[in-house]
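Please open the model in your viewer and keep the selection tool at hand.

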Amino acid sequence: MKKLLALLIFTTSLVNAQYTIKGTMTPPDKGDWVILYKIEGAKQNFVANTTIQLDTVIISGEKQVLGRFNFELPGTAPTGAYRATYRNTGAGFVDFFFNKENVEFVFNPKFSDQSAVVFTSSRENKLYSEYLQAYNAVQKKIDSFQASYIESEDKDAKKAYKKEVKELEDVQKTYENKSEGMLVNSFIKASRRYNSYNPHDNLKDYLSATSENFFEYVDFGSEDLFNSSFLIDKISDYVFYLNYSEDKEVQQELIKESIKNVMKKISSDKLEKAVTYYLISALTDKRNGPAVDWMFEEYFDKLPSKDQDAEFKKEKLDILLATIDRIAPDFSWKENDQELKLSTLNDGEKYLLVFWSTGCPHCIKEIPELYKFMQTHKEISVISFGIENDATEWTEFVKDLPEWHNAIGTHPEYKFDNETVKKYNLLGTPSYFILDKSKKIIAMPDHVEDVEKYFNGGKSN
């Protein structure tokens, strides 16, 4: 009975066990909240939220304000990667591992680099941070000697390179041994970078070898890696940063080729779905319509039917209604008592569509400059679309824009909710679209200077 009672008490204590996640911000961020998420691939699953408490402490005789927050996790909380987010947008979060132990960390929210986070409690996180610091210090030397050897093929640089490669192998082995049986062991193994035994003679060979061996140490079947942001971050670096060209057409092919290479390494339906959804979302954010279309056709539409979210597809395609290589969404307006439509307009070799507002200081400055410039390009038909609360100020302003087609879009509550404006998914004003004779979008300049550059024979976005 005593043994049974002891076992019951022990089991009950395990069930009721709690773990704490404590963060200290120095100095505090502007907000007063933190949300805790469990990361699984490209998803963030909500766990809890809390407020930031401000404390004043004396350090070296001076007052300093700290922001502190605290979460409690039950003993049943799943192990894996978690994220404490303290901003709605941008790099406002701290990632950490939870493996049935308390976690405490200190960080400065002004610095988004994860390496700036100091873990004061948690064997797992301390060891992984220590590993990254040690590994990156040696890798930095290897990269430096590789660059020196490419520039001069100096024998001393080659010798130093090989020495550091050996040192890096020792660092890797040491931390793989130290982390044996720990959650971070999978991440330490996967964080290893490919380095050839001898330095490369030229930049082309170096970049080629780096690309070919980028996933050399990544286990795509690892549940630990999947239940974190590691795989998605690694894939993102490979697709969007490692393979790059300033030539837009070449860049599109590089993106497709890199995605094909990634997909060949994926064997599970779960990971394929996560990567497919992530890449489509990332390409949509970059307004890369052709690549998104290709992703839907080559991968999304070939997923098992249960994994195809029709709402997701519609949402992304709606965002891309007005992007390069798409026919510009149609709209109509009245001009001199005539009803005109963009789709049937036929008075230019090309068309410049500009969305602007009299409530936008940049617009008030740029639109007159644009008008003056476009007088030197009479072959281009300009459609100016005012996004307004009402027509009063706009009507006066466009009197100085004769020869342009001037349309207006309003909304009783919020001018950006105008139906036409929503179709173009504007990120701000002024926004520029250059159309060919068939009204296909062929360029989306960022600024008036980019418009001028385009029509003067240069290229824009």
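A search of the whole structure finds one cavity of 30 Å³ or more, a cavity being a set of points on a 1 Å grid over the protein atoms alone where a 1.4 Å probe fits but cannot get out. This is a predicted model, in which local features need pLDDT of at least 70 and side-chain atom pairs count only at pLDDT 80 or more, while totals for chains, interfaces and linings use all residues. Residues are numbered from 1 along each chain as its sequence is written, and side-chain values use heavy atoms, without hydrogens and water.

Select Tyr86, Phe93, Phe107 and Asp113, which are among the residues lining the largest cavity, a space of about 50 Å³.

**The open space**

Next, select Gln114, Tyr128, Leu132, Phe230 and Asp233, which lie nearest the centre of the second largest pocket among its 33 lining residues; a pocket is an open set with protein on both sides within 12 Å along at least five of seven lines, and lining residues have an atom within 4 Å of a point. Its volume is about 1200 Å³, and helix 2 gives the most to the lining, with eight residues.

**The helix pair**

Finally, select helix 7 (residues 230–242) and helix 8 (residues 248–264), whose axes come within 8 Å and cross at roughly 150°. Helix 7 and helix 8 are therefore roughly antiparallel, a term for angles over 145 degrees. Ile235, Tyr238 and Val239 of helix 7 meet Ile255, Ser258, Ile259, Asn261 and Val262 of helix 8, where contact means heavy atoms within 4.5 Å.

Note on methods: Axes fitted to C-alpha atoms, helices over the stretch in contact; angles between N-to-C directions. Helix = DSSP H or I, 4+ residues; strand = E, 2+ residues; numbered from the N terminus. Parallel < 35°, antiparallel > 145°, perpendicular 65-115°, else oblique. Points joined across faces, edges and corners; volume = space filled by probe spheres on them.
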